[in-house]
Amino acid sequence: MILNRFLFFSLLLFVRSTGLLAQETASQVNNEWENLRHSWQAQWINHPEDEGTGYGVFHFRRNFQLETKPEQFLIYVSADNRYRLYVNGVDVCHGPARGDLLHWRYETIDVAAHLKKGKNTIAALVYNFGIYKPVAQHSYRTAFILQVKDKTFQYINTDGNWKVYKNPSYFPIPVGEKTVHGFYAVCPGDSIDGRLYPWNWQQSEFDDSLWSRARLLGRGVGIGYMHGEPWYLFPRNIPFMEQRKDRLQKLRRAKNVHVPDDFVTGNEPLLIPVQTHSVILFDRGELTMGYPELKFNKGKNSKIKITYCEALFDFAGRKGHRDDITGRSADGIFDVIIGDGGFERVFRPLWMRTFRYLELDIQTADDPLIIEDIYNIFTAYPFSQNAAFTSDRPELNAIWQTGWRTARLCALETYYDCPYYEQLQYIGDTRIQALISMAVSGDDRLARNALELFDNSRVSDGITQSRYPSAVYQFIPPFSLIWIYMIHDYYMYREDLTFIQSFIPGMNAVLDFFERHLDFNGLLSGLEWFNFVDWADEYSWGVPPGVDTGHSALASLQYVYALQKAADIYNALNQIDRAERCSRIEERIRKAVRDLCYDNEKQLFTDTPHKRVFSQHTNIMAVLTNTAKPGQQQKLIKTVLTDSTLVQCTMYFRFYLFRALKKTGLGDLYTGQLGPWRRMLEYGFTTFGETDIGSKAVVDSRSDCHAWSASPNFDFLTIICGIEPAQPGFKSVIISPALGEINKVTGQMPTPEGLIKVAFTQLGKKREAIVDLPAGVKGELHWAGQKVLLTKGWNEIAF
């Protein structure tokens, strides 16, 4: 038996150590330099005169001959910072998907459809934003790599035979807080002098004879390679982005130029005469993002400035009604192009732009400028809306549609907190986004990617970074707890214990970090870093009292919530000792909160033992963790809703308020709590913002599109329609609708087992329900005090 176990683990070790990816060298032993295990045949390359870390835009080319057109031609490709790949002039993909240096992604794509017999050209635009790079962008130095799968064609792999050119026409336009009226963490604008641009550089006919030969930087390698290299290459684990042409909707104003009616539809060009200064404002009608493309002819020495903004600003830098343009200016990130006088010119920014309003500010010289067209290539993660929600309340239907647009614009290669200002994947936002993705789309790939990235972000003291990928460290310890909430969410919505198991070391480390900060009295104390909880006006920079100095009931209860969810996961993995340890710790903390942070006179939990600050937040967490006794919880939440002296939740923490409504059987009050979302719609928002209108929080209403404010899309399915898993992976469900003042509602939610469809009607005391369950799913309907068993297929209930 001992020998068999030894052979088993030896075999397992051998399999794991030799699990090479397709593009890596097949050698199982590191015995010769040219065939080292986990190495690529292709080399990282760059420009021979480039120091590598500064701002720069580069073009790479490789011409080659094919005797026949191949049926398949797989290539693997990556770059630092980013690339856009062309085959015979056709744009075939861009990337890489964001990661970090230890998990650097590469794309795999079959380009056979774009090849031909005879001469072919593979070309790549590679750029490095240098010191202006987004906070989310990790980087070592400018570099490009490409490898062909078929060994017959590996002479095409990146090596010293590739040509490279540094584009002198590009300059960065730094973006400061004054430019965009708020903290900004994305990329610079692009300044391009078209007179210096190598137009048509990606076409096979282009003459690259004067270009330099590429410099070799070192081989591409995968994880497990025996020597140190800057990038450890992993295959892309998410799909390519959705891209489609998206037109501007209307002209809002024009100065010193006549704009033809059919210009916005792309059916008539726009002429700007010589020596003319024109300003033209276009309105997409709703917020969007992607790569705008400007097509133009002539206009030598003309200066074209393109500004992108979510809304217009008044003289004091304030946004108003989002439809209002009177007395307001277009402030925001902008690009500048100097025309060279040529024909069929196309400008596209290096990185995507987010906008509702797009302004052209044009100054021509002695050559008229002809703008043939301007439109956007909408670009986002390819989520499909497979859930549905409709009701007899039009404003709820509008919230559903606007919320989904918000969620779409906050998802690209990672989730974004906001698409305009930061484009960072914060754990607090991402938990809500991942739940929306699974509930509305059914696609969990971006959620899985987020869980892995946060695990990769952990540091030596155990906690995760607050956001990741991020080249700038930031730690929000409560967000590490929310990462554990996310793992539990995934467990309930997908189960997949093999995947969950991979996060156990990280969970252990996070929980151990917080245990080290438990004080003698059973409460958390001395948490350093940035302990953000919510943008409540009364919290300094979103941090509740007692977290860093003193004792915090709120932070302690967030820790309890993580311990409870971790215990579920440990039990599922049969790690009973760990589960029991979690239960012992959380019981001790809950007792401490009851003993030290409950005010008998007010019958409320307080934020600290000093009993000076009372918040909705702490009382919500007391309910969610069962620190408040079961018989006390409903009354407590009613007080939370009605007592205006409490520190109030903003858009973000209302997600947890609504979980407490559901838990206490008060879901019928949910639709009455949607005031902030209704106000945004009344104010012309086409996506939901970071904070409520009129908030005094630090961020005010900076971002018009913020991921956490899309939470109603999850709530409508789980609270109003009442669809939730009763067992991991939706093996069984509990349907507990809460219509409130709604009379009729229909909905559906994708699950691993198939679509769950529901329809509910309530008229007076009469209730009618239709529930359609997929095969293999059992459940119960809980409604109006009734419990009814549900079977697979069609269930009709009336009472």
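How do the residues of the lining of the largest pocket divide into nonpolar, polar and charged? They split into 15 nonpolar, 10 polar and 10 charged. Here Ala, Val, Leu, Ile, Met, Phe, Trp, Tyr, Cys and Pro count as nonpolar, Asp, Glu, Lys and Arg as charged, and the others, Gly among them, as polar.

This is a predicted model, where local features need pLDDT of at least 70, side-chain atom pairs count only at pLDDT 80 or more, and totals for chains, interfaces and linings use all residues. Residues are numbered from 1 along each chain as its sequence is written, and side-chain values use heavy atoms, with hydrogens and water left out.

The largest pocket has a volume of about 1000 Å³. Of its 35 lining residues, R659, K662, K663, E724 and P725 are the closest to its centre. Two or more lining residues come from each of α4 (427-441), α6 (477-494), α9 (553-572), α13 (654-663), α15 (712-720), β27 (723-725) and β32 (778-783). A pocket is an open set of points on a 1 Å grid over the protein atoms alone, where a 1.4 Å probe fits, with protein on both sides within 12 Å along at least five of seven lines; lining residues have an atom within 4 Å of a point. Its volume is the space filled by probe spheres set on the points, which are joined across faces, edges and corners. Helices (H or I, at least four residues) and strands (E, at least two) are DSSP runs, numbered from the N terminus.

Now to helix packing. The axes of α9 and α11 (616-624) come within 9 Å and cross at roughly 25°. Axes are lines fitted to C-alpha atoms, for helices over the stretch in contact, and angles run from 0 to 180 degrees between N-to-C directions. The α9 helix is therefore roughly parallel to α11 (angles under 35 degrees; over 145 is roughly antiparallel, 65 to 115 roughly perpendicular, the rest oblique). In α9, A553, L554, L557, Q558, Y561 and Q564 meet H617, T618, M621, A622 and L624 of α11; contact means heavy atoms within 4.5 Å. That contact has 7 nonpolar, 4 polar and no charged residues.

Helix α11 also packs on α13, at about 40° with axes 9 Å apart. So α11 is oblique to α13. I620, V623 and L624 of α11 touch Y656, L657, R659, A660 and K663 of α13. These residues divide into 6 nonpolar, no polar and 2 charged.

Two cis peptide bonds deserve a look. One runs from D80 to N81, with omega near 0°. The other joins Y468 to P469, with omega near 5°.
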